[in-house]
Each structure stands twice: as structure tokens, then as C-alpha cells.
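I opened this model to look up its salt bridges, its strands and the packing of a few helices. My entries follow in the order I made them.

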Amino acid sequence: MKITENTIERRKQNNDTITNRGDSVEHKGHGNGQSVSRIIEKDDINTNKPTEKTLEQILLRDNMNNAYLKVKRNKGAGGVDKMEIDELLEHLKTHREEILKSLLEGSYKPYPVKRVEIPKENGKIRKLGIPTLTDRVIQQAILQVLSPIYEEQFADTSYGFRPNRGCHDALKKCQEYANQGYWYVIDMDLKKFFDTVNQSMLIEILSRTIKDNRVISLIHKFLNAGIMDRGMFIKSDEGVPQGGPLSPLLANIMLNELDQKLDEWGYLYVRYADDLLIFTKSKRAAERQYERASKYIEGKLKLQINREKTQISKLSQIRYLGYAFYKYGGKCRFRVHPKSIKRLKDKLRTATGRSNGMSIEGRKIKLNQIIKGWVQYFKLADMKSIMQDIDEWLRRRIRMITWKRWKKVKTKGENLQKLGVAKRKAWKWANTRKGYWHIANSHILATTLTNARFEKQGYLSFYKYYLEVRV
């Protein structure tokens with residue numbers, strides 16, 4: 001079925017049928033001095049409902065305003081309605097009353113999500129579903145109310161997309177188990193998890209905790225809103241589209257069922273979103289636990305295990321969250337997995353490519369951003385020698401693009417003289433026919449475009465920054 005612009009316009013008109021009350025918008029000063037319009041003017045919403053009033057909590061003024069601010073900070077692309085972030089506030093001010101009324105009456109209809117394909121490191125594609133900005137605000141408002149409720153139910157060894165938890169916490173827990181002698185792991189891979197979640201089961205799980213049927217119905221509508229892919233409408237009868245604020249929470253709610261069962265069985269595990277490791281002291285124990293866990297995952301939760309990628313092995317033989325593990329002095333320690341090094345070099349190659357259109361200053365800013373982000377993430381790992389090697393490789397890349405940028409023989413000769421090279425020697429090197437990568441490693445550039453010069457110009461060093469932030 002193909003959705004035309006007329007179809008989308010009819011959907012929009014369906015949500016815009018209530019008379020506007022533009023003069024009811026208040027303004028509230030925010031921390032940055034900007035004026036932020038309140039989506040909801042009052043907190044006196046009618047609460048005479050037969051169920052618990054979770055929806056009213058979601059639609060409270062402050063919660064909705066915080067949701068808007070969060071969506072605005074995250075920026076991101078617009079959805080199928082083609083609204084951009086700078087148009088969102090005016091839209092919410094203009095259509096506030098009808099949006100609220102439709103949500104309270106249960107007539108609100110989310111737009112289909114926009115399909116966006118993101119390349120993965122293995123050459124495959126990750127399919128995201130981007131909701132419209134208005135739908136993102138509503139999803140964010142739901143998230144802000146439901147997240148504290150479910151935080152009380154979630155397991156201590158679940159770390160993905162949760163407040164005050166992250167990858168480093170998950171890795172340290174892995175280290176703790178390994179140091180207790182649990183060196184064998186089941187590295188469980190769930191096949192296309194977000195695409196295969198059983199929606200009926202997820203709704204049933206939600207209903208155990210959330211007693212406001214209107215909220216359950218609204219979440220179900222978001223799940224069933226469909227997907228727009230290159231102008232074609234695709235039904236979304238299963239799965240949780242990645243890309244909206246609610247998706248990570250719904251994934252955790254679904255997989256919390258598995259966490260509770262693993263806790264009940266006394267298994268030791270670490271889960272970050274759908275990346276699951278189960279720890280045992282022997283391969284035989286791992287095989288038994290895998291058999292039991294896989295039956296529950298595929299039988300009860302109706303999820304699929306990717307048996308080609310799932311493996312039972314020693315912790316030192318797996319990659320988890322970009323890290324590798326090794327044993328030193330009887331203790332578990334971290335190193336960077338070779339695939340993570342390869343990905344880093346690919347990023348650096350792109351940033352130092354001649355044809356990427358970056359200015360000298362823009363390239364420096366980009367490189368420093370990559371260095372800071374990458375080192376902060378991998379600072380748990382032992383990688384002094386790796387950082388020194390990458391620094392040397394990156395400096396050579398920068399020398400290469402500098403030599404390329406000089407282009408003409410005359411420019412090369414003059415610049416080498418400015419850097420202190422004798423005139424005769426400068427012109428000799430300026431006329432060389434050796435390749436760019438070869439010249440970048442030559443004595444002449446190493447002694448003129450020095451590391452100290454790059455540091456003075458503001459380029460960060462992987463090695464020095466690592467020593468600053470090393471845990």
C-alpha cells in the first residue's frame with residue numbers, strides 16, 4: 001500500500017480538528033536564559049477515569065515541557081511529516097489543546113516512522129524507525145514517567161539504556177565474575193531482536209504494571225503505527241522500531257523477563273540491551289545453562305537465537321562492547337579488541353582524507369573529538385603501546401595531507417625553507433617523485449612537521465590524553 005502526500009495530509013487534519021487557543025501559552029525562563037513555551041498551561045486535567053491515572057501524570061505540564069526540551073537537545077532528523085526541529089515549538093504552541101484532547105480521549109494517531117538505514121561495521125544495515133518530532137515528544141513524556149516505575153523492577157546486572165549505568169559498569173561486572181573464577185561464558189546473540197519482539201507479549205507484560213489502559217493503548221498505537229520506506233507503507237505487526245525514545249525502555253521491559261528467570265535459576269550474567277553474557281566455571285556447565293536459557297528465550301519469549309553467532313568459550317576469546325579480556329597475574333584485565341582498533345583507523349582515515357572537504361581547523365576539531373570520545377570509552381583497557389602506535393600512524397597521516405595540500409613544487413620548497421630546511425635541500429625534496437605516504441615518513445618531514453609543532457597547533461595526542469584519563 002502506498003501512502004501519498006494526501007494520505008498524510010488527511011492524517012494531519014484528523015489531529016488538527018479542535019479549535020486552537022494560541023493565547024493560552026505561557027512562557028517560563030529556563031536555565032540558559034531562553035524562553036521556553038509550556039506545552040500545557042495548567043495541571044488541572046480531568047482525572048475522573050476508571051483506571052489509575054498514569055496518563056494524567058504523563059500529560060502534566062512540567063513533564064511535557066521536559067520532554068520537549070529533551071527532544072530539542074537531541075536534535076535529529078524529522079519524520080514523515082517533514083517538520084524540522086526549529087518548527088516544533090510553534091507547532092506545539094499552536095496545536096497544544098487538540099493534541100492533549102486527542103491523547104486524553106484516545107483518538108491520537110501517531111504517524112508511521114521513517115525508515116533510515118545505518119551501515120554496521122560488518123557491512124550489514126541497521127534499520128532505524130524515526131518518529132515525527134511531535135510523536136518523539138509524546139514518547140519521551142511516556143518514558144519519563146514509566147522509567148522510574150520499571151527501574152524498581154529491573155535487575156542489577158542489566159546496564160543498557162538505564163539511568164546512571166553504562167558500558168563501563170557492565171564491563172567491570174564481567175571482570176568481577178571472571179576474578180571469582182567464572183571464566184567460561186555463553187555469548188548469546190539474539191537474532192534481529194528489535195525486529196522480532198512479540199508485540200502481544202510485550203503489551204501483556206506492560207499491563208501487569210501499568211493499570212491505565214489508555215497508556216497501554218497509546219504505546220500499542222506507537223508500535224503499530226507502521227513504517228514509511230521510500231514512499232511505501234509497511235505494517236509493523238511485530239518488533240519495536242529502533243529510533244524512538246521509548247524503544248530502549250520497551251526492549252529492557254521485554255528482556256527483564258529473561259533477567260528475572262536467570263536470577264531465579266541462580267545464573268550469573270551481564271546484559272547490555274540485547275548483548276548478553278552468562279558466566280560459568282566450566283564449559284560443561286555453560287552447555288547446560290545454554291540449553292535451558294535457549295528453550296526459555298525461544299519458547300516462552302518467542303525470540304530467535306542466532307546460533308551462528310552465539311558461542312560458548314573462554315572470556316578471553318570473545319569481544320564484548322568493543323573490549324577484549326585477558327588474564328594477568330591471575331586477574332582479569334581489559335584490552336581493546338582488534339576490530340575496535342580497525343574501526344578507529346577507518347574513522348581517522350575518513351577525517352584525514354584529502355577529499356572530505358574539511359578545512360585545516362575543521363579537521364583538527366574533528367580529530368580531537370574522535371580522540372577524546374574514543375579514549376574516554378576505552379580508558380579501562382591497557383593500551384599504552386597501542387596509543388603510541390596510533391599516534392605515530394596519525395601523525396604520518398597529518399604530514400601526508402599537509403604535503404598534499406602544498407601541491408606545487410614551488411609551494412613545497414618555500415614552506416620547507418620556512419620550517420628551517422636549507423634552500424638546496426628544500427628544493428631537492430620539493431622535486432621528489434616519491435609517493436605521499438612514503439614522504440610522510442621521511443626524515444625531512446619528521447624533523448620539520450614535528451609532533452611538538454602539531455601539539456602547539458592544538459592537535460591532541462592519543463597517548464597523552466590516555467595517560468590523563470586512565471582509570
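**Salt bridges.** I looked up D346 and found its side chain in a salt bridge with that of K342, at 3.3 Å from N to O. A salt bridge here is a side-chain nitrogen of Lys or Arg within 4 Å of a carboxyl oxygen of Asp or Glu. D346 and K342 are four residues apart in helix 12 (residues 338-351), so about one helical turn separates them. D346 is partly exposed at 33% relative accessible area, and K342 is exposed at 54%. I use buried for under 20% relative accessible area, exposed for over 50%, and partly exposed in between (1.4 Å probe, protein chains only). Helices (H or I, at least four residues) and strands (E, at least two) are DSSP runs, numbered from the N terminus.

I note that the model is predicted: local features need pLDDT of at least 70, side-chain atom pairs count only at pLDDT 80 or more, and totals for chains, interfaces and linings use all residues. Residues are numbered from 1 along each chain as its sequence is written, and side-chain values use heavy atoms, with hydrogens and water left out.

My search of the whole structure gave 23 salt bridges. One of them pairs E117 with R230, the closest N and O atoms being 3.6 Å apart. This pair links distant parts of the chain, 113 residues apart: E117 is in strand 3, R230 in the loop between strand 6 (227-229) and strand 7. E117 is partly exposed at 34%, whereas R230 is exposed at 69%.

**E257.** Which side chain meets that of E257 in a salt bridge? I found R208, at 3.0 Å from N to O. The pair joins helix 10 to helix 8 across 49 residues of chain. E257 is buried at 18%; R208 is partly exposed at 44%. Leaving aside neighbours within four places in sequence, I list I205, R208, Y296 and L301 as the contacts of E257 (contact means heavy atoms within 4.5 Å).

**Helices 8 and 9.** In helix 8 (residues 199-209) I marked Q199, M201, L202, I203, I205 and L206 as buried. Their cover includes helix 5 (133-151), helix 9 (213-223), helix 10 (247-265) and helix 11 (283-300). For helix 9 the buried residues are R214, V215, I216, L218, I219, F222 and L223. These pack against helix 2 (54-58), helix 4 (85-105), helix 5, helix 8 and helix 10.

I traced an open sheet of four strands in the order 4-3-6-7, with mixed pairing. Its edges are strand 4 (125-130) and strand 7 (232-234), each pairing on one side only. Two strands pair if DSSP finds at least two bridges between them. Strand 3 (residues 113-119) and strand 4 are antiparallel over six bridges, and P119 has I125 as its bridge partner.

Strand 11 (residues 323-328) and strand 12 also run antiparallel, joined by six bridges. Two residues lie between the strands of this hairpin, where G329 takes a positive phi near 60°. On strand 12 (residues 331-336), C332, F334 and V336 make up the covered face, and K331, R333 and R335 the uncovered one. C332 stands opposite K327.

**Cysteines.** How many disulfides does the structure hold? I found zero, taking a disulfide as a pair of cysteine sulfur atoms within 2.5 Å. C167 is buried at 15%. C332 is in no disulfide, and the nearest cysteine sulfur, that of C174, is 8.0 Å away. C332 counts as buried at 3%.
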